[in-house]
Amino acid sequence: VGLVILDQRIRMPEYGILPEAGVLDDLGTARGTQDTIFTVSGYGLTYRSQDHSAVPSISYRIRLMALSTLVNLDSALNDGYNLQTQGNGDDRGGTCSGDSGGPVFLGGPDSNLMVGVTSFGLNPLCRGTDFAYRIDRSEVLDWINSH
């Protein structure tokens with residue numbers, strides 16, 4: 001997690017809200033949470049083509065948002081500090097190359113509760129399993145609030 005500290009205040013109509021510590025913890029063990037929705041956002045590639053393809057990768061260089069669903073919080077790649085989601089690509093959500101560092105909000109597109117920062121995906125074609133670093137951990141929130 002990183003912070004950008006500006007020299008002067010910027011006025012915006014709405015800001016993201018930091019979560020309470022552990023807000024995602026119950027999702028790791030609760031039944032019926034696989035339909036939990038997250039909104040991911042970034043400026044990365046819009047479409048990533050296969051290597052050696054005549055079809056180029058596409059980036060509109062604009063901020064894009066997509067929905068992802070919860071996979072789990074407790075796999076070997078999560079270890080309690082990552083959030084694993086499924087986007088499925090093909091305009092059905094998820095992240096792509098260059099989205100790292102973008103916010104992950106708990107809920108649909110109107111949510112402003114930021115619970116993670118996009119970190120990495122397992123599929124080089126931007127389809128499938130995505131991971132975000134959880135910011136709902138007390139040590140992360142303490143660090144953010146100390147600046």
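User: What makes up the largest nonpolar core, and why is it called a core?
Analyst: In this predicted model, the largest nonpolar core has 11 residues: Leu24, Leu27, Phe38, Val40, Ala66, Leu70, Leu73, Leu83, Val104, Val115 and Ala132. The name requires buried residues of nonpolar types joined through side-chain atoms within 4.5 Å, and this set is listed as such a core. Strand 1 (37-42) and strand 2 (64-72) are the elements that give two or more residues to this core.

User: Which residues is Val115 in contact with, leaving aside its neighbours within four places in sequence?
Analyst: The partners of Val115 are Pro19, Val23, Leu24, Phe38, Leu83, Val104, Phe105, Leu106, Tyr133, Arg134, Ile135 and Asp136. Contact here means heavy atoms within 4.5 Å.

User: How do you know that strand 1 and strand 2 pair, and in which sense do they run?
Analyst: Pairing takes at least two bridges, and 6 bridges join strand 1 to strand 2, so the two strands count as paired. They run antiparallel. Ile37 stands opposite Thr69 of strand 2.

User: What is the overall order of elements in the protein?
Analyst: The protein has 1 helix and 6 strands, and along the sequence they follow the pattern β-β-β-β-β-β-α. Of its 147 residues, 34% count as buried. Among contacts with a separation of 6 or more, 61% are between residues 24 or more positions apart.

User: Why is Phe120 called partly exposed?
Analyst: Buried means under 20% relative accessible area and exposed means over 50%; Phe120 is at 31%, so it falls in between and counts as partly exposed. Phe120 is placed in strand 5. Not counting residues up to four places away in sequence, Phe120 touches Asn82, Asp130 and Phe131. Its C-alpha atom is separated by 8.4 Å from that of Thr95, 25 residues apart along the chain.

User: What makes the largest cavity a cavity, and how much space lies in it?
Analyst: A cavity is space where a 1.4 Å probe fits but cannot get out. The structure holds 1 cavity of 30 Å³ or more, and about 40 Å³ of space lies in the largest cavity. The lining of the largest cavity consists of Val40, Leu83, Thr85, Thr95, Val104, Thr118, Asp130, Phe131 and Ala132. By class these are 5 nonpolar, 3 polar and 1 charged residues. Strand 3 and strand 6 (129-134) each supply at least two lining residues, with the largest share, 3 residues, coming from strand 6.

User: What makes the largest pocket a pocket, and which residues lie nearest its centre?
Analyst: A pocket, unlike a cavity, is an open set of points. About 1,400 Å³ of space lies in the largest pocket. The largest pocket is lined by 38 residues, and those nearest its centre are Leu3, Tyr15, Gly16, Pro103 and Met114. Strand 1, strand 4 (103-106) and strand 5 (114-121) are the elements giving two or more residues to this lining; strand 1 gives the most, with 3 residues. The lining of the largest pocket divides into 19 nonpolar, 13 polar and 6 charged residues.

Key
Residues are numbered from 1 along each chain as its sequence is written. This is a predicted model: local features need pLDDT of at least 70, side-chain atom pairs count only at pLDDT 80 or more; totals for chains, interfaces and linings use all residues. Side-chain values use heavy atoms; hydrogens and water are left out. Buried means under 20% relative accessible area, exposed over 50%, partly exposed in between (1.4 Å probe, protein chains only). Helices (H or I, at least four residues) and strands (E, at least two) are DSSP runs, numbered from the N terminus. On a 1 Å grid over the protein atoms alone, a cavity is a set of points where a 1.4 Å probe fits but cannot get out, and a pocket is an open set with protein on both sides within 12 Å along at least five of seven lines; lining residues have an atom within 4 Å of a point. Grid points are joined across faces, edges and corners, and a volume is the space filled by probe spheres set on the points. Ala, Val, Leu, Ile, Met, Phe, Trp, Tyr, Cys and Pro count as nonpolar, Asp, Glu, Lys and Arg as charged, and the others, Gly among them, as polar.
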